Amino acid sequence: MPPKPPAPRLTHFLCIPLVTPSSRSQLQTSLNAFREKATGVRTAKNPSGIPEAAVRPLGTLHLTLGVMSLQEQDKVDKALNLLRSLDLRSLIPPVKDEAVKSEVSNGKEVESFTPLTVALKGLESMHTPSKTSILYAPPADDPRLHAFCLSLREAFASAALLDGNDTRPLLLHATILNTIYVPSVRGRGGGHGKNRSKLTIDATEILEDYEEYGWMEETRIEKIAICKMGAKKTDDGGEEYVVEGEVLMPQ
């Protein structure tokens with residue numbers, strides 16, 4: 001039986017950026033408070049403490065909808081053209097139980113529309129809480145948001161643009177902490193997946209403390225973007241992903 005071909009190198013991801021003019025201040029305040037509390041003390045469960053570098057910078061916060069391997073420019077163009085061609089408004093479900101209302105615009109009757117919003121509340125672990133390397137803030141439960149994200153993801157999957165090896169169900173999450181970004185961890189072992197060295201922490205107490213924590217109040221989603229993998233340093237000392245292309249959400 002021939003060996004499996006190596007997995008393609010992932011280069012881009014489809015996402016909902018979470019940092020907007022209206023959300024920036026509250027997200028920054030939330031992250032600063034979390035960083036100070038989570039990394040400021042050593043406990044019996046984490047005697048070495050939690051490295052500050054594990055807490056993700058403000059500019060990296062997003063909800064990933066799918067990952068892609070776009071190693072040739074024609075594939076990048078295909079993904080961007082698809083994103084720009086989509087009727088995003090048609091992918092957003094109406095507000096549940098809301099009566100269809102109409103209003104007059106330029107002499108024409110049009111159906112009212114409620115823009116899509118997102119809020120972040122709570123903290124969860126990607127692994128067993130007592131031995132984890134990733135903590136994330138989930139969006140508050142919203143069937144409209146989840147249905148929209150599934151439809152958008154399906155559009156890219158149908159165009160054979162998403163990574164076919166990623167068969168996991170959609171898990172909307174904003175990564176708050178990931179120990180793989182701690183320099184000493186990145187330097188050990190190298191490799192990816194099972195071959196990559198990991199620093200794990202016991203997040204049991206942190207998860208209890210932040211179970212009901214509001215990271216970001218309900219905020220209007222402004223854009224859908226395709227970004228390059230690997231956050232880059234910014235002039236102000238932060239980090240953010242390079243945007244390959246983006247479109248505005250309907251308002």
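**Note on the cysteines and helix H4**

1. In cysteine 227 the sulfur lies 3.9 Å from the closest cysteine sulfur, that of cysteine 15, which is too far for a bond. A disulfide here means a pair of cysteine sulfur atoms within 2.5 Å, and a search of the whole structure finds zero of them.

2. The model is predicted: local features need pLDDT of at least 70, side-chain atom pairs count only at pLDDT 80 or more, and totals for chains, interfaces and linings use all residues. Residues are numbered from 1 along each chain as its sequence is written, and side-chain values use heavy atoms, with hydrogens and water left out.

3. Cysteine 227 is buried at 5% relative accessibility, and cysteine 149 is buried at 0%. Buried means under 20% relative accessible area, exposed over 50%, and partly exposed in between (1.4 Å probe, protein chains only).

4. Helix H4 covers residues 143–158. Helices (H or I, at least four residues) and strands (E, at least two) are DSSP runs, numbered from the N terminus.

5. The buried residues of H4 are Arg144, Leu145, Phe148, Cys149, Leu152, Arg153 and Phe156. They lie on the same side of H4 because their arc around the axis is only 160°, taken from the directions from the helix axis to the C-beta atoms. Pro143 and Ser158, on the other side of H4, are exposed.

6. At the start of H4, a side-chain oxygen of aspartate 142 comes within 3.0 Å of the backbone nitrogen of arginine 144. Alanine 160, which follows H4, has a positive phi near 60°.

Definitions and conventions
The expected span of a helix is 1.5 Å times one less than its number of residues. A polar contact is a pair of N or O atoms within 3.5 Å; within protein, one must be able to donate a hydrogen and the other to accept it, and residues adjacent in sequence count only if both atoms are side-chain atoms.
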